[in-house]
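User: Please take me through some contacts and a pocket in this structure, in plain terms.

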Protein chains: 2
Amino acid sequence: MESQAEINDKKFLGELLTLKEQVKFRERFALPQDLRDVVIAGMGGSGIVGSIFKELYSKLPVVLANSYELPDFVGKGTLVVAISYSGNTEETLAACGEAKKRGASIVGITSGGALAQEAEKVVKIPSGLQPRSALGYMLMPLLNSFEVCKDGSVEETYGILERMDNDNSFGEKMAEEIFKEKYIPLIYGTSPYSSIAYRWSTQFNENAKLMALWSNFPELNHNNTMALKASYRLDELYPICLLSNKSERIMRRINATQEVTGMRFRQIIEPQGTSNLAQVMSLMHIGDYLTYHLAKLRGIDPLDVSAIESLKAKLK
Amino acid sequence: MESQAEINDKKFLGELLTLKEQVKFRERFALPQDLRDVVIAGMGGSGIVGSIFKELYSKLPVVLANSYELPDFVGKGTLVVAISYSGNTEETLAACGEAKKRGASIVGITSGGALAQEAEKVVKIPSGLQPRSALGYMLMPLLNSFEVCKDGSVEETYGILERMDNDNSFGEKMAEEIFKEKYIPLIYGTSPYSSIAYRWSTQFNENAKLMALWSNFPELNHNNTMALKASYRLDELYPICLLSNKSERIMRRINATQEVTGMRFRQIIEPQGTSNLAQVMSLMHIGDYLTYHLAKLRGIDPLDVSAIESLKAKLK
């Protein structure tokens with residue numbers, strides 16, 4: 001008989017395998033007329049969807065709401081996209097309620113829960129996954145509705161994610177190195193894909209149950225660089241750089257940062273593919289596998305988020 | 001004769017003492033007519049000004065630009081506020097140049113440099129400080145122009161900062177505790193003052209030359225909480241919580257987080273005063289002093305940002 005750990009492990013890995021299918025999710029919603037600005041409300045694994053969308057779409061102002069409140073400008077002319085995988089996130093529901101009062105257009109992206117009842121329009125996504133494993137289902141309706149993806153992006157992304165699903169030894173190797181010395185991961189992303197570094201840090205948190213440091217180029221050259229040179233405990237860090245592209249000025253920053261601080265990245269990871277979708281998803285998926293393998297090495301259930309569940313129960 | 005270290009120390013401490021004077025800075029600029037949205041471009045110690053402003057003002061969409069590029073929506077109807085203390089930040093100058101091409105209104109907030117020449121309108125601020133010590137000079141023109149501060153805010157803030165300048169033993173005590181065990185600071189802010197946690201982390205970076213972890217309530221209850229319970233190296237962390245206010249639902253989150261994870265905050269710091277300005281500035285200034293004292297304990301020059309300067313020189 002399978003142990004609970006084996007069952008959970010299979011379930012978690014099975015969820016990672018669905019990401020490539022998720023990018024094929026074709027749902028979209030109609031944009032309201034006279035749309036002036038967009039607010040995306042969401043927390044955690046649902047909230048990161050707004051951050052990624054904002055980096056890929058900027059024809060209108062996009063503002064993120066990651067707590068109970070909405071910005072004052074929200075009203076007619078604003079589309080509030082409330083994203084909550086479960087549909088029961090208290091902050092997002094509060095923001096959605098506030099959006100109603102203000103007369104904003106509201107779209108909910110959810111697998112069910114109260115949000116499916118509350119929102120004016122709802123994009124219903126498949127249930128049964130961990131929110132952090134359902135990023136594709138939550139992101140694609142936004143990208144589709146705002147027509148962000150160029151032709152061929154989805155096919156390109158599917159192929160890249162499929163190859164990664166078949167061979168994720170790169171992430172596994174990093175996991176082994178981190179595990180061996182109990183390193184604290186230091187993830188540096190690169191503008192305009194800055195949200196990916198944060199996503200990696202939250203995957204370290206939730207899957208491997210580890211703290212992780214993160215920042216982004218070029219911002220980190222204005223502050224964090226000083227710590228890279230002179231902090232204590234630097235030998236406890238495992239620095240990884242996630243490239244957004246190989247633009248000359250960013251590559252020069254990366255090289256110059258290593259030169260002036262003496263820090264050497266353990267890995268400098270290039271995005272795969274040519275479309276934004278493929279690049280973002282490929283960078284992200286490496287982190288998914290790395291943190292999965294790291295959980296396994298630590299003897300920890302990557303699926304387990306019981307502390308978060310207990311906390312939610314206490315707040316009820 | 002004074003050593004260079006003594007001279008730098010005096011200069012740094014002298015700069016901290018000016019913050020209370022900075023909040024009295026009365027400069028403002030006229031807002032363009034038919035203003036639709038605001039973009040604030042800036043990096044590091046200048047960029048944080050935009051983050052703080054965005055948390056205090058939201059009658060219009062405010063979008064931050066923390067790299068070379070501007071969002072696509074920028075055009076007529078957008079006010080681009082380019083903030084660079086030196087006036088020579090390459091990313092901010094690139095964003096400013098782009099704003100010109102798009103026909104946006106542009107205001108520069110700077111002590112001089114190329115930005116003073118480039119921007120349509122310029123708010124000139126006093127020179128001679130470190131950018132991170134000039135936050136008040138850069139922030140107040142924004143708050144004044146958008147009429148964010150209620151009557152009495154400046155006076156209240158002045159009094160609070162003055163008391164902190166006279167007695168910063170609270171920050172000093174924390175510095176001693178962190179130094180003694182070589183802790184890695186873990187700073188949790190609280191919405192809507194989330195930018196203060198990031199500001200603290202960058203002050204740890206630049207002043208004390210230390211890495212610091214940071215996140216915010218309620219976001220951290222959706223990911224980081226798992227690491228709080230089961231990460232390795234947890235005994236190396238020094239967790240501090242910065243409150244935005246004592247709203248019941250946030251206090252319940254803070255207590256529940258401690259209960260479910262077993263983590264105990266070393267400090268839970270309340271903001272001082274009743275105005276937003278006083279609260280933000282008081283929370284921030286404690287971090288200024290903490291990181292100053294920590295630099296001294298480490299035998300490090302808090303003023304020194306030579307690695308950042310070398311990096312800039314290499315990129316020229």
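Predicted model: local features only at pLDDT ≥ 70, side-chain atom pairs only at ≥ 80, totals over all residues.

User: Which residue forms a salt bridge with A:E69?

Analyst: A salt bridge is a side-chain nitrogen of Lys or Arg within 4 Å of a carboxyl oxygen of Asp or Glu. Here the closest N and O atoms are 3.9 Å apart, and the partner of A:E69 is B:R249.

User: Is B:R249 buried or exposed, or partly exposed?

Analyst: The relative accessibility of B:R249 is 40%. B:R249 therefore counts as partly exposed.

User: Where do the residues of the salt bridge between B:R253 and A:E91 lie, and are they buried or exposed?

Analyst: The side chains of B:R253 and A:E91 meet at 3.1 Å, N to O. This pair crosses between chains, from helix 11 of chain B to helix 4 of chain A; helices (H or I, at least four residues) and strands (E, at least two) are DSSP runs, numbered from the N terminus. Both B:R253 and A:E91 are buried.

User: Which residues are joined into one network by salt bridges that share partners?

Analyst: B:E236 and A:R233 meet in a salt bridge of 3.3 Å, N to O. Shared partners extend the network to A:R233, A:E236, B:R233 and B:E236.

User: Which element gives the largest share of the lining of the second largest pocket?

Analyst: A pocket is an open set of points on a 1 Å grid over the protein atoms alone, where a 1.4 Å probe fits, with protein on both sides within 12 Å along at least five of seven lines; lining residues have an atom within 4 Å of a point. About 540 Å³ of space lies in this second largest pocket. Of its 22 lining residues, those closest to the centre are A:S86, A:T89, A:E309, A:K312 and B:H222. The largest share, 4 residues, comes from helix 13 of chain A.

Notes. Residues numbered from 1 in each chain as written. Chains lettered and ligands numbered in written order. Heavy atoms only, no water. Points joined across faces, edges and corners; volume = space filled by probe spheres on them. Buried < 20%, exposed > 50% of the residue type's maximum accessible area, 1.4 Å probe, protein only.
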